[in-house]
Amino acid sequence: VVEHADVRGIAGAKHLWAQKLDPDGLPLWGAGHKQVFDLAGGSLQFGNFPGFETDGVGGAVFAWYTSSPSLQVRAQHLVGAGTEVFAHNGVEVSTDGSQLRVDPSAAFDPESGEVTVFWVEENSLQTQHGLYGQRLDGGGQIAGLLSDERLERALEFDFFFIFGFAEGRTSFELGTPEREH
C-alpha cells in the first residue's frame with residue numbers, strides 16, 4: 001500500500017490518496033487511486049504527509065490532520081480489497097471541537113478490529129499541549145477509553161512508546177526506545 005497527497009497548487013486543497021500495488025507495481029485498487037480524504041472544502045495541513053500502518057491482512061489504517069476543517073484529526077481503515085471501513089473522508093477522533101488536534105499516530109488491533117489513535121491536542125492559542133488517545137470500533141465509532149491490556153498490545157508510535165494507561169483516567173506513562181520506564 002502506498003499513499004500520496006494530491007496537491008493542486010500552493011493555495012489549493014491537499015487531499016490524501018492511496019493505492020495497493022502488486023509485486024510488478026500494477027494497481028490492485030482500480031486504475032485510479034482510493035481517495036482517503038477528498039472532502040469538499042477540506043484540506044490536509046500544507047507540508048504534512050501523514051503516515052499509515054498496515055492492518056496485517058492487506059489493508060491499512062490512516063490517521064491525518066486537516067487545516068480545513070481547522071486542525072482536526074481523522075482516521076480511516078481500508079481493507080485489503082480497498083474498501084473503506086469508516087465513513088468516506090474518515091471519522092473525526094474527538095467530538096470536542098473546542099480544541100486543536102495535530103500529529104496523529106494510529107494502530108490496528110487485528111483481534112478486535114479496533115483502531116487506536118493518539119494525537120497532540122492544543123488550546124486555540126497553541127500554547128498548551130497534551131497527548132490524547134481514542135479507540136474507534138471496527139465501524140469507526142468512538143469506543144471509549146483505553147485499558148492497559150489493549151494499550152500493551154504493541155501500540156508503538158513514531159518516537160515514543162506508550163507504556164501504560166489507567167482505565168478511567170487521562171494519564172499516560174511515556175518512554176523512548178532508548179529509555180524504558
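I take buried to mean under 20% relative accessible area, exposed over 50%, and partly exposed in between, with a 1.4 Å probe and protein chains only. By that cut-off I find 41% of the 181 residues of the chain buried.

**Ground rules.** I am working on a predicted model, where local features need pLDDT of at least 70 and side-chain atom pairs count only at pLDDT 80 or more, while totals for chains, interfaces and linings use all residues. Residues are numbered from 1 along each chain as its sequence is written, and side-chain values use heavy atoms, with hydrogens and water left out.

**Overview.** I looked up the secondary structure and got one helix and 14 strands; these are DSSP runs numbered from the N terminus, helices being H or I with at least four residues and strands E with at least two. Next came the surface: the chain exposes about 9,500 Å², and carbon and sulfur atoms supply 52% of that area. The areas come from the Shrake-Rupley method with a 1.4 Å probe; for residues, only the protein chains shown count as cover. I also checked contacts, meaning heavy atoms within 4.5 Å. Of those between residues at least 6 apart in sequence, 38% join residues at least 24 apart.

I count two strands as paired if DSSP finds at least two bridges between them. Strand E1 (residues 2–7) runs antiparallel to strand E2 (residues 14–19), with six bridges.

**The four-stranded sheet.** I traced an open sheet in the order E9-E10-E11-E12, with antiparallel pairing. Its edge strands are E9 (100–109) and E12 (142–144), each pairing on one side only. From one strand to the next the twist averages 40 degrees, using axes fitted as lines to C-alpha atoms (for helices over the stretch in contact) and angles from 0 to 180 degrees between N-to-C directions. Strand E11 (residues 129–136) meets E12 through two antiparallel bridges, and Leu136 has Ile142 of E12 as its bridge partner.

**Aromatic pairs.** I searched the whole structure and found three. Rings of Phe, Tyr and Trp (its six-membered ring) pair if their centres lie within 6.5 Å; planes under 30 degrees apart are stacked, over 60 edge-to-face, and the rest tilted. Phe37 and Trp64 make a tilted pair, 5.6 Å centre to centre with 50 degrees between the planes. Because Phe37 lies in strand E3 (residues 34–37) and Trp64 in strand E6 (residues 60–68), the pair ties together parts 27 residues apart in sequence. I checked their burial too: Phe37 and Trp64 are both buried.
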